[in-house]
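Reader: I am new to reading protein structures. Could you walk me through one with me, feature by feature?

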Amino acid sequence: MQLVIYSLVYPILWIISKLPWRLFYLFSTCVYILTYHIIRYRRKTVTENLNLAFPDKNTKEINRIRKASYKHMCDMFLEMIRSLSISEKEIVKRFHITNLDAIVDLENKNKSIITMMGHYNSYEWTNSIDLISKFRCVGIYKPIKNKYFDKLVHRIRGRFNSRLIPSAKVFREMTMDQRKENPELSLYGLISDQSPKLNNATFWTDFMGIKVPAFVGGEVLSRRLGLSIFYLHVEKIKRGYYEATLVPISEDPKNEEEYAITKRFTKLLEEQIKHKPENYLWTHKRWKHRSAKPPKDAVIA
């Protein structure tokens, strides 16, 4: 059955990926109308999240942000599909790195780095970094149950020599990478605004003014492996065009106070969300544990 579903869906995805850009984004608008107005996908969750994060905004403004966020979400999802056939020249043009000189400096140090990202703007085209630097992008992801679509994700995100590591194996594989005699120069990308399971909720902090457990994987890995850690600040310039900047969080993570890295990441992400909230992915249940009781040994700050 998995193969049947894949065989039916894949040709459609390929056709979408080959559409001229104007038709491509017109199709995205149609997907938005279907998702937002007809299916009403997670409308209740999005509205609740926006009201939690912006208690001072009125209903009219909340509705404006909600609509705009769905339009952006549909664009971002389809841009992932576009990666099936996007050219090297096109992806570099559409996902521009503003501080290439900083990347060159990091290359000269010949040491891998970790980048923390949120569900903000686009992270689908970050593998353009593979094309303009010596770094190999390594994405951490959650495998898809359908093995054929899982292979497709590997194919899409590995087109320009990027690599994927399943989230369940990230600690082991990154540790093995760095213990090699001549480790490959890698840029590890972690989506770090996930909501951890309660039994793993070791650190709680304010996110958009709400006390919730924070994902600390980026901090733990940077400390363990001694890798400098950065925030990938991505701005949407216009539809289909992004600018990304590597913002230092810590060059010496082993000597940072515990959870300082996670708090800096949270602040940087918050600043972007407050500036343009419609470019955040509000459909995921980031604040679902806000009323839960923290585990006995959890740190709350």
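Predicted model: local features only at pLDDT ≥ 70, side-chain atom pairs only at ≥ 80, totals over all residues.

Reader: Is isoleucine 38 buried or exposed, and why?

Author: The general idea is a cut-off: a residue is called exposed when its relative accessible area is over 50%. Isoleucine 38 has 59% relative accessibility, so it counts as exposed.

Reader: Now for charges. How many salt bridges does the structure hold?

Author: There are 14 of them. The idea is a side-chain nitrogen of Lys or Arg within 4 Å of a carboxyl oxygen of Asp or Glu. Take arginine 239 and aspartate 75: their closest N and O atoms are 2.8 Å apart, and the two form a salt bridge.

Reader: Where do arginine 239 and aspartate 75 lie?

Author: Aspartate 75 is in helix 4 (residues 59-82), while arginine 239 is in the loop between strand 8 (228-238) and strand 9 (241-250), so their pairing ties together parts that are 164 residues apart in sequence. The two ends also contrast in accessibility. Aspartate 75 is buried, because its relative accessible area is 3%, whereas arginine 239 counts as partly exposed at 37%.

Reader: What does arginine 136 form a salt bridge with?

Author: Its partner is glutamate 184, and the closest N and O atoms are 3.4 Å apart. Arginine 136 sits in strand 3 (residues 136-141) and glutamate 184 in the loop between helix 9 (170-178) and strand 5 (186-191), so this pair ties together parts 48 residues apart in sequence. With a relative accessible area of 40%, glutamate 184 is partly exposed.

Reader: What about glutamate 256: which residue is its salt-bridge partner?

Author: That is arginine 264, with the closest N and O atoms 2.8 Å apart. Arginine 264 counts as partly exposed, because its relative accessibility is 35%.

Reader: Which residues are linked in a network of salt bridges?

Author: One such network links Arg163, Glu173, Asp177 and Lys180. Lysine 180 is in the loop between helix 9 and strand 5, and it is partly exposed, with a relative accessible area of 49%. For a sense of distance, lysine 180 and asparagine 121 are 34 Å apart in space, C-alpha to C-alpha, and 59 residues apart in sequence.

Reader: I would like to look at empty space next. How does one find it?

Author: Rolling a probe the size of a water molecule over the atoms shows where empty space is left. Here, a search of the whole structure finds four cavities of 30 Å³ or more. The largest cavity has a volume of about 80 Å³. It is lined by 13 residues, and Ser192, Ala214, Phe265, Thr266 and Arg286 are the closest to its centre.

Reader: Which element gives the most to the lining of the largest cavity?

Author: Helix 11 does, with four residues. Helix 11 (260-275), strand 6 (203-207) and strand 7 (210-213) each supply at least two. By class, the lining of the largest cavity has seven nonpolar, four polar and two charged residues.

Reader: And how much space lies in the second largest pocket?

Author: About 230 Å³. Of the 13 residues lining that pocket, Ala68, Lys71, His72, Asp75 and Lys236 are the closest to its centre.

Reader: One last topic: backbone angles. What should I look for?

Author: Most residues other than glycine have a negative phi. Asparagine 110 has a positive phi of about 55 degrees, although it is not a glycine. Asparagine 110 is in the loop between helix 6 (100-109) and strand 2 (113-117), and it is exposed, with a relative accessible area of 61%.

Reader: What is the phi of asparagine 161, and where is that residue placed?

Author: Asparagine 161 has a positive phi of about 80 degrees. Its place is in the loop between helix 8 (147-157) and strand 4 (163-166). Asparagine 161 is partly exposed, with a relative accessible area of 44%.

Notes. Residues numbered from 1 in each chain as written. Heavy atoms only, no water. 1 Å grid on protein atoms, 1.4 Å probe; cavity = no way out; pocket = protein on both sides within 12 Å on 5 of 7 lines; lining within 4 Å. Points joined across faces, edges and corners; volume = space filled by probe spheres on them. Nonpolar A, V, L, I, M, F, W, Y, C, P; charged D, E, K, R; others polar. Buried < 20%, exposed > 50% of the residue type's maximum accessible area, 1.4 Å probe, protein only.
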